[in-house]
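Subject: Structure handover

Hello,

Here is the structure we talked about. Please open it before you read on.

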Amino acid sequence: MAWNQGGFLVLVLATCICSSAVAIFQPISESHRSAAVELFTAVDGSFGSLEDTYEALRTFEILGIDRKADVGTGTCRTVSETLVSSSSPSKDLFYALKVNGILRCNIEDEVFEGIISKLKAEVNDASSLLDFYYSVGSLVLIKDQTSRVDPHLADAVGVFRSIKALSQSDGRWRYSSNNPESSTFAAGLALEALAGVVSLTSSEIDQSLTSTTKNDIMKLFDSIEKYDDGAFYFDEKVVDALEHKGPLSTTSSVVRGLTAFAAVTSGSLSLPKDQVLGLAKFFLGIGIPGDARDFFNQVDALAYLESNRVSIPLILSLPATVLSLTKKDLLKVRVNTVLGSNAPPLSVKLMRVVKSGNKGASIVESQELKFDPESAVYFLEALPESLDVGHYTFVFEVVLHDSEHKKVYATGAQTQIPIFVTGLIITENAEIAVLESDLESGEPPNKLDLAGENVASLSANHLQKLRLSFQLTTPLGNAFKPHQAVLKLRHETQVEHIFLVGNSGKQFEIILDFLGLVEKFFYLSGRYDIQLTVGDSVMENSFFKEVGFLELDLPEAPEKAPRPPPVHVDPYSRYGPKAEITHIFRAPEKRPPKELSLVFLGLTVLPFIGFLVGLLRLGVNLKNFPSSAVSATFAVLFHLGIGAVLLLYVLFWLKLDLFTTLKTLGFLGVFLILVGHKILSHLASTSAKLKSA
């Protein structure tokens, strides 16, 4: 059966990708730092609005990148003007204070005092969740930035109840009492605002209020969604498109609110640790977002998960998920926080290793990996001897040493990571032969060295068959079945035919019956190049080899036989260099002798000599040549123009082309008309004077 080669290779590649599509989570790395520098670029000392500036500075602060010098003093000037202005909205004040918390601009305490009175009034008059969020959040920022003013709320309990009144029974929140739609994103804002109210009270908030809020958080987590790779996330369900937020911004909002509320309240939130770990996996599984705001939401949420009172997730990762038996690679494992910090003392155990597609017993028993304190890497000294090439699932378990750390960190039950074990595949007993119709070999089979350069030369007709066979074994002597085992026959007209090579255990064999393939071969006799392709993602010595050629004699095509497809022409070839064109000119005619040419030249000069003699016989003189300077000048120019025209004729005869000659003659003609008119006018005037005298 012949297939299109391009489609077949694409199908094989897609199958390999789909079969190994398992997420491998890595902590924040240098790639994120490089991406942050590209995404957040200051233009003329500014990142844009105060909100954009805060997101850029906050991202740089989390990733340990010093970019404060990029914004210069202009940003601090904008912050100061925003804080001083009485018309600044609460949102601008909020982000101005956030930027000031990072840059530490020189803001006087009097400015903070003026803002506090304005913000407290907005808290008392607030009617929407965003009003509470920005005003309360601004007061919290002032409290963190100076101790010389009093931002505490007089009626913190009343403000808490006002915000709490917007909550819903499913843990989500409304933006205002006039808006019936509830939002998961708004729940994160509400929890941040409630955390701010708790920190701004001079006395403790009623425990019943905080307990009710914790119950709302638990209800909110009942609606959390999960991917197959263990990642958990929140998705917005608001119908209004203007308020809709994606999973990334929604989940980051919930994480900020959750960690902020847990930081200011007593007791602990009994959230499942696998869900907290799943939230970290969601953010890390995104990779590197290409949008600046998405990048900020990812990094900022991970920073909150890095240090929180709920549960700190630990990420198990592998520097390499491909292990070579040939190079004797070691299995290495890292355990870090989401931002890449070192984990507390712990042990990493390799619980089992299962080959993909095999539900049998584990290849190895539970083994504990050794720890290298210098590189902070856990490693296995040697791979199991029974480990052969293939796709495996390694199952790890992280065990914390300190019992107190078990309350703080989330490690998950067990972590499954797909690993490719590669090696050199042994190819042997390769043969190719032409068989008779009864499958008996007319000639001894040709031995093939698939690792060498030998090429087989074969010939066959439509009554014969072609057989190719070889064996593939793994380094441990087991049968190996690659992703690709393809035989291709390519005719001298570039028509190709592709066949899959089947196998039975170690033995791979294909028999082509040319009698049944004459139509597929379009009755094309002639030379066919034979190519064999064997490849696999775990096969280090995959190959694409010319194994020989076949002179095939097929019968003449009947009248209604299918025609071969047109030869594919690369559309870009028409723009490539063309073949050089070699001109063959006609042989030059035989020329006359040199002496005859000189005699002819003399004859052409004779009329000019006759012209000069005629002038002398007529008595030509210069008596009428003008005597005045101006008229004499025009006369000289006129004669020079006549001479120039005669010289132009000579140059045209020698080397000039017609167009150049006509263009030059045009200029000379205009010149002769002007000076000729002047000299003729002078001669006419002189003649008139003589007649009148």
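Predicted model: local features only at pLDDT ≥ 70, side-chain atom pairs only at ≥ 80, totals over all residues.

Helix pair. Look at helix α8 (residues 156-164) and helix α10 (residues 207-222). Their axes come within 11 Å and cross at roughly 25°. Angles under 35 degrees count as roughly parallel, so α8 is roughly parallel to α10. The crossing of the two helices is left-handed. On the α8 side, the contact is made by V157, F160, R161 and K164. On the α10 side, L209, T212, T213 and D216 take part. By class, the residues of this contact are 3 nonpolar, 2 polar and 3 charged.

Strand residue. F396 sits in strand β12 (residues 390-400). Is F396 buried or exposed? Its relative accessibility is 0%, so F396 counts as buried. Leaving out residues up to four places away in sequence, F396 touches L316, L318, L331, V333, V348, K349, L350, M351, L369, Q414, T415 and I417. Take L316 from that list. F396 and L316 are 80 residues apart in sequence, yet their C-alpha atoms lie 8.6 Å apart in space.

Best wishes

Terms used: Residues numbered from 1 in each chain as written. Heavy atoms only, no water. Axes fitted to C-alpha atoms, helices over the stretch in contact; angles between N-to-C directions. Helix = DSSP H or I, 4+ residues; strand = E, 2+ residues; numbered from the N terminus. Parallel < 35°, antiparallel > 145°, perpendicular 65-115°, else oblique. Left-handed = near helix turned anticlockwise from the far one by under 90°. Contact = heavy atoms within 4.5 Å. Nonpolar A, V, L, I, M, F, W, Y, C, P; charged D, E, K, R; others polar. Buried < 20%, exposed > 50% of the residue type's maximum accessible area, 1.4 Å probe, protein only.
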